[in-house]
Amino acid sequence: MDAYAVEMRNISKHYGGLWANRNINLQVKQGEVHAIVGENGAGKSTLMNILYGLITPDSGAILINGQEVKIASPRVAIDLGIGMVHQHFKLVPGFTVAENICLGMEPRQGLLVDREKMLAMTLKMSREFGLTIDPAARIKDLPVGILQRVEILKALGRGARILILDEPTAVLTPGETRELFNTIRKMAAQGKTIILITHKLKEVLAISQRVTILRQGCVAGNLVTRETNERELASLMVGKEVSFQAFPREEVKGATREVLRVDRLSVYDSFGVKKVKEVSFGVKSGEIVTIAGVEGNGQTELAEALAGLGEVAGGRIFVNDEEITSLQAVKRRERSLIFPRTG
Ligand SMILES: Nc1ncnc2c1ncn2[C@@H]1O[C@H](COP(=O)(O)OP(=O)(O)OP(=O)(O)O)[C@@H](O)[C@H]1O
Ligand SMILES: [Mg+2]
């Protein structure tokens with residue numbers, strides 16, 4: 001049998017009394033999409049940061065294509081053909097796509113960077129991997145779906161044959177996610193090995209061939225995807241049976257006074273960009289109201305504006321019919337408008 005593209009043996013890493021990774025064994029075949037799932041804090045990023053040379057494990061061994069290696073830094077990882085796309089992109093906002101992709105390996109003519117060649121190189125790469133981008137566009141002007149494409153190209157351009165994606169869909173719209181999955185399938189068909197960190201079980205089932213489940217720093221399971229299902233994955237992730245039955249939802253009965261009213265509210269973010277544009281809604285007593293949206297679409301700014309922490313650009317907020325739009329946060333708390341921060 002061929003050696004695994006990636007094999008991690010008995011990897012452990014602790015922080016004080018907490019085991020972020022404990023005796024973890026991971027085996028990833030070449031050309032497969034391998035999902036790593038687990039709840040928040042299960043140790044997924046730690047394990048992948050170890051593979052990418054960002055964290056040194058306390059103990060354990062790593063084998064790439066059957067050869068034991070010491071990955072002391074991302075430089076070593078890249079030389080071994082490992083690439084990683086982090087959840088928070090690491091691109092230079094003022095640079096162009098081509099400048100970011102070629103960073104550190106710019107084609108030169110004498111001492112100067114050969115810009116024409118750099119653009120041509122980027123375009124060639126983009127065609128080769130089927131990832132459409134505009135090499136001359138500036139990073140700061142691009143949507144996240146495209147930025148992720150740039151990150152992937154950057155890794156592939158450095159010769160990645162093993163690509164780690166840490167929660168890549170967290171910042172994507174459903175359409176962008178579908179596109180990313182097409183790209184992943186294409187890369188796998190070209191023989192690349194993909195390790196995908198996620199905690200969305202539907203994604204695991206849609207894209208991976210095998211899945212490793214982590215729980216509290218340990219491996220809770222290792223399964224062939226087509227032989228498992230959402231229920232089994234969820235119970236391995238949390239360590240007990242998980243009910244998928246929807247909670248019964250009932251209309252709120254009795255007193256249904258409107259306690260919060262938001263009227264054409266607009267809010268700036270910390271960069272002065274208008275993130276909430278003329279949003280109106282009301283919340284009745286006893287109700288639970290969900291604000292849904294992909295990260296970065298104004299939810300945080302809306303919540304902060306309600307709490308008195310953001311800069312309101314227009315519109316009004318009422319609590320129990322009293323206007324509070326310009327009240328300080330502490331005054332709002334006195335009126336029982338509480339905003340527990342989640343980090
Ligand atoms: N540098 C650090 N110092 C102390 N504790 C850490 C450090 N890095 C991670 N941890 C802890 O180790 C555990 C595993 O963290 P890790 O980031 O690997 O989890 P994760 O599975 O990626 O979670 P998430 O889904 O939230 O990204 C967590 O309890 C975390 O708080
Ligand atoms: Mg993580």
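**Figure 1. Contacts of T198 in the predicted model.** T198 touches A35, V37, E167, T169, E203 and V204, leaving out residues up to four places away in sequence. The model shown here and in the other views is predicted. T198 belongs to strand β10, which spans residues 193–198. Is T198 buried or exposed? T198 counts as buried because it has 22 C-beta neighbours inside 10 Å, and the cut-off for burial is 20 or more. One of the contacts, T169, is 29 residues away along the chain. The C-alpha atoms of T198 and T169 are separated by 7.9 Å.

Figure 2. Domain 1 covers residues 6–238, and domain 2 covers 258–334. Their C-alpha centres lie 36 Å apart. The chain holds 10 helices and 16 strands. Along the principal axes, its C-alpha atoms fill a box of roughly 70 × 55 × 40 Å. Of the 343 residues, 31% are buried. Contacts between residues at least 6 apart in sequence were also counted. Among these, 63% join residues at least 24 apart.

**Figure 3. The shell around ligand 1.** Which residues surround ligand 1? They are Y15, L18, A20, G38, N40, G41, A42, G43, K44, S45, T46 and H199. Strand β2 (18–28) and helix α1 (44–51) each supply at least two of the shell residues. Helix α1 gives the largest share, three residues. By class, the shell has four nonpolar, seven polar and one charged residues.

**Figure 4. The largest nonpolar core, and another one apart from it.** The largest nonpolar core has 60 residues. Within it, V37, L51 and I194 touch the most other members. Helix α5 (residues 144–157) contributes the largest share of this core, six residues. In soluble globular proteins, nonpolar side chains tend to be buried together.

**Figure 5. I194 and its contacts.** What does I194 touch, leaving aside its neighbours within four places in sequence? The contacts are V33, H34, L163, L165, I184, M187 and A188. I194 is also one of the residues that touch the most other members of the largest nonpolar core.

**Figure 6. The buried side of helix α8.** L233, L236 and M237 are buried in α8. These residues lie on the same side of α8, because they cover an arc of only 100° around the axis. An α-helix has 3.6 residues a turn, so residues three or four places apart point the same way. Just after α8, G239 has a positive phi of about 85°.

Figure 7. Helix α9 runs through residues 299–307. Its buried residues are E301, L302, E304, A305 and L306. Just after α9, G308 takes a positive phi of about 85°.

**Figure 8. G254 in the loop between α8 and β13.** G254 sits in the loop that joins α8 (230–238) to β13 (258–268). G254 counts as exposed because it has 7 C-beta neighbours inside 10 Å. G254 and V171 are 83 residues apart in sequence. Their C-alpha atoms are 39 Å apart in space.

Figure 9. Most residues other than glycine have a negative phi. N65 is not a glycine, yet its phi is positive, near 50°. Where is N65 placed? N65 is in the loop between β4 (59–64) and β5 (67–69). N65 is partly exposed, with 17 other C-beta atoms within 10 Å. D321 also is not a glycine, and its phi is positive, about 70°. D321 is found in the loop between β15 (311–319) and β16 (322–323). D321 counts as exposed because it has 9 C-beta neighbours inside 10 Å.

Key:
Residues numbered from 1 in each chain as written. Chains lettered and ligands numbered in written order. Predicted model: local features only at pLDDT ≥ 70, side-chain atom pairs only at ≥ 80, totals over all residues. Domains from an automatic or database assignment. Helix = DSSP H or I, 4+ residues; strand = E, 2+ residues; numbered from the N terminus. Buried ≥ 20, exposed ≤ 12 C-beta atoms within 10 Å, placed from the backbone. Near = placed C-beta within 6 Å. Nonpolar A, V, L, I, M, F, W, Y, C, P; charged D, E, K, R; others polar. Core = buried A, V, L, I, M, F, W, Y, C linked by C-beta atoms within 7 Å. Contact = placed C-beta atoms within 7 Å. Arc of directions from axis to C-beta.
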